[in-house]
Amino acid sequence: MAATARSALLKYLRVPVKPSLPSNPLPFTLLLRRFSEEVRGSFLDKSEVTDRVVSVVKNFQKVEPSKVTPNAHFQNDLGLDSLDTVEIVMALEEEFGFEIPDNEADKISSIDLAVDFIASHPQAK
Amino acid sequence: MGGGNAPRRLSGMQKQVLALYRGFLRAARSKSPDDRRRIDSVVSSEFRRNAHQVDRKNFLYIEYLLRRGKKQLDQLKSPDTTGLSSLSFAPPSQSVGSHK
């Protein structure tokens with residue numbers, strides 16, 4: 001599972017490599033900041049999380065993409081049942097590369113709840 | 001499983017069913033993409049069929065289905081198992097897995 005999630009993620013991520021060192025070396029403060037972020041685990045930007053969650057839900061086959069808004073409720077607004085919700089949360093796990101435990105997953109019933117949970121989770125990638 | 005406008009409150013039994021469903025989808029991730037797709041569709045249609053056909057108050061039968069499902073999930077988790085041969089129609093004793 002980890003391998004699939006990882007390869008899906010690696011397919012998704014493309015970091016442009018710029019040979020920047022000789023021309024303008026990184027300022028010392030930036031190096032420091034990077035180091036400290038690595039130590040405490042970094043949180044994803046909330047608006048980025050929202051965009052990615054919205055696009056995962058839009059790609060879900062049973063959902064009418066035009067109904068998907070950042071505060072749509074899976075059952076009330078999108079007409080999904082609890083089994084669909086399980087499938088969506090599983091798709092979010094693959095998108096963000098970490099496992100959501102059952103008791104947390106059961107609470108995620110809308111897009112904004114999903115965004116809050118993922119944005120507050122340091123392991124989300 | 002029904003919707004309604006009240007905030008969703010899941011019963012203990014509903015949580016068990018959803019956890020079992022999640023378990024099947026997780027186990028399917030470890031299979032080849034083709035097997036995974038087949039397993040996902042069999043599992044999804046089986047859960048949906050029971051959600052519609054089984055009386056939500058028939059606790060004894062739902063408990064039986066949960067127990068059967070857990071056994072089937074254990075077999076699916078074995079690396080040798082590549083699929084579920086039609087959960088729904090085979091007799092419970094030999095319903096899972098082309099080979100053990």
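Which backbone nitrogen does the side chain of A:Glu93 reach? In this predicted model, that side chain reaches the backbone nitrogen of A:Ile100, at 2.7 Å.

A:Glu93 sits in helix α4 of chain A. Its relative accessible area is 0%, so A:Glu93 counts as buried. Leaving aside neighbours within four places in sequence, A:Glu93 is in contact with A:Phe98, A:Glu99 and A:Ile100, and also with B:Arg26 and B:Arg29 from chain B. B:Arg29 also forms a salt bridge with A:Glu94, where the closest N and O atoms are 3.1 Å apart.

Now to the interface of the two chains. Here are some of its values.

| Item, chain A with chain B | Value |
|---|---|
| Residues in contact | 22 residues from chain A, 19 residues from chain B |
| Area buried | about 2000 Å², 47% on carbon and sulfur atoms |
| Salt bridges | ten salt bridges |
| Polar contacts | twelve residue pairs, both at pLDDT 80 or more |

On the side of chain A that touches chain B, α4 and α5 (102-105) each supply at least two residues. The largest share, nine residues, comes from α4(A). By class, this side of chain A has seven nonpolar, six polar and nine charged residues.

Helix α3 of chain A covers residues 46-58. Its 13 residues reach 18 Å from first C-alpha to last, close to the 18 Å expected. Buried residues in α3(A) include A:Val49, A:Arg52 and A:Val56. The buried residues of α3(A) pack against α1 (2-12), α4 (82-96) and α6 (111-119) of chain A.

Terms used. Residues are numbered from 1 along each chain as its sequence is written. Chains are lettered from A and ligands numbered from 1 in the order in which they are written. This is a predicted model: local features need pLDDT of at least 70, side-chain atom pairs count only at pLDDT 80 or more; totals for chains, interfaces and linings use all residues. Side-chain values use heavy atoms; hydrogens and water are left out. Helices (H or I, at least four residues) and strands (E, at least two) are DSSP runs, numbered from the N terminus. The expected span of a helix is 1.5 Å times one less than its number of residues. Buried means under 20% relative accessible area, exposed over 50%, partly exposed in between (1.4 Å probe, protein chains only). Contact means heavy atoms within 4.5 Å. A polar contact is a pair of N or O atoms within 3.5 Å; within protein, one must be able to donate a hydrogen and the other to accept it, and residues adjacent in sequence count only if both atoms are side-chain atoms. Buried area is the accessible area (1.4 Å probe) that two parts lose on being put together, summed over both. A salt bridge is a side-chain nitrogen of Lys or Arg within 4 Å of a carboxyl oxygen of Asp or Glu. Ala, Val, Leu, Ile, Met, Phe, Trp, Tyr, Cys and Pro count as nonpolar, Asp, Glu, Lys and Arg as charged, and the others, Gly among them, as polar.
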